[in-house]
Amino acid sequence: MGKGCLTVTKYFLFLFNLLFFIFGALILGFGLWILLDNQSFIAVLQKSSDSLKVGAYILISVGSLAMLMGFLGCMGAVYEIKCLLGLYFTCLLLILIAQVTAVVLIYFHRETLKKEMSFIITDLIVKYEGNSTTDIAWDYIQRNVGCCGWLGPANWAMNPVIKNSSMMLYPCSCGNGTADRDFCSSDTEDWPVYSEGCMAKLQKWLHDNVGVILGICIGVAVIEMIGMILSICLCKSIHQEDYTKVPKY
């Protein structure tokens, strides 16, 4: 490889790893958001499911590793250090394999995940009293998404507060009124609430955005493979390492 091509490859790899570092920071931030957020659908799930908490810790770990890899890749590219480039290639390959494995597992266990999510939300509705962090998060979802219950408003009939009340109660967040929490009263058995369940809304959102989601996944995989190819090319072009280039701290 000519000197000009080597220089171009080196700085392309540097730019790639800078982007990889930024993506790692975004993944890390997303994982932290899942753990700390208390105003979204994620909050409802992570309060009730250990699986999502584990997933959040995995995202945090992957994001941190990606940031470290981006840093090592930048150092290996700029200062032409083979061991860093080799370590970078190996880690990138392992992450790519892990991502493909995760997608395959999610695809083949999608029905199990769907049942688990249904169980979590149904249990939340039954135990809903309107004052816990999880209850507030679920109210936020119903109000902003425009849905009621998981399969539909009928899910709320299982709630003991509604079932045992002498009044016609319904969850305020299911309706279009001014109140957005706790229970509201109705004059008739026909509740003034959204008729569509949140599961249908979620499925519709996934269906409408499946192209974007697949595009992002494929784009990330392509970027990772480009990084692997560039690191191999640069590593093969380095015939003698010069450690005097590396800054000493």
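Welcome to this structure: in helix H5, the residues Ile120, Ile121, Leu124 and Ile125 are buried (under 20% relative accessible area, with exposed meaning over 50% and partly exposed in between, for a 1.4 Å probe and protein chains only). Seen down the axis of H5, these buried residues fall within an arc of 130°, taken from the directions from the helix axis to the C-beta atoms, so they line one face of the helix. This is a predicted model, in which local features need pLDDT of at least 70 and side-chain atom pairs count only at pLDDT 80 or more, while totals for chains, interfaces and linings use all residues. Residues are numbered from 1 along each chain as its sequence is written, and side-chain values use heavy atoms, with hydrogens and water left out.

**Helix H5**

- H5 covers residues 110-127 and has 18 residues; helices here are DSSP runs (H or I, at least four residues), as strands are (E, at least two), numbered from the N terminus.
- From its first C-alpha to its last, H5 reaches 26 Å, close to the 26 Å expected at 1.5 Å a residue, where the expected span is 1.5 Å times one less than the number of residues.
- Turned away from the buried side, the other face of H5 carries the exposed residues Lys115, Phe119 and Lys127.

**Salt bridges**

- The count comes to three salt bridges, each defined as a side-chain nitrogen of Lys or Arg within 4 Å of a carboxyl oxygen of Asp or Glu.
- Lys127 and Asp123 are four residues apart in H5, about one turn of the helix.
- An α-helix has 3.6 residues a turn, so residues three or four places apart point the same way.
- Lys127 counts as exposed because its relative accessibility is 56%, whereas Asp123, at 31%, counts as partly exposed.
- Asp208 forms a salt bridge with Lys204, with 3.0 Å between the closest N and O atoms.
- Both Asp208 and Lys204 belong to helix H8 (residues 198-237), where they sit four residues apart, about one turn of the helix.
- Asp208 is partly exposed, with a relative accessible area of 49%, and Lys204 is partly exposed with 49%.
- Lys201 forms a salt bridge with Glu196, and here the closest N and O atoms are 3.8 Å apart.
- Lys201 is partly exposed at 27% relative accessible area, and Glu196 is partly exposed at 33%.

**Nonpolar surface patch**

- Tyr11, Phe14, Leu15, Leu18, Leu19, Phe21, Ile22, Phe23, Leu26, Leu65, Leu68 and Phe71 make a nonpolar surface patch of about 1,100 Å².
- The elements that give two or more residues to this patch are helix H1 (3-36) and helix H3 (50-79).
- H1 gives the most, with nine residues.
- Patches are made of residues with over 30% relative accessible area and no salt bridge, joining like charges within 9 Å and nonpolar side chains (Val, Leu, Ile, Met, Phe, Trp, Tyr) within 5 Å; the areas come from the Shrake-Rupley method with a 1.4 Å probe, and for residues only the protein chains shown count as cover.
- Leu65 lies in helix H3 and counts as partly exposed because its relative accessibility is 34%.

**Transmembrane regions from the record**

- An unreviewed UniProt entry places the feature "transmembrane region" at residues 12-36, 57-79, 85-108 and 209-230; positions are given in the numbering used here, feature names are shortened, and annotations may be inferred rather than shown by experiment.
- Residues 85-108 are 100% helix and 0% strand, with their end C-alpha atoms 35 Å apart.
- Residues 209-230 are 100% helix and 0% strand, and their end C-alpha atoms lie 32 Å apart.
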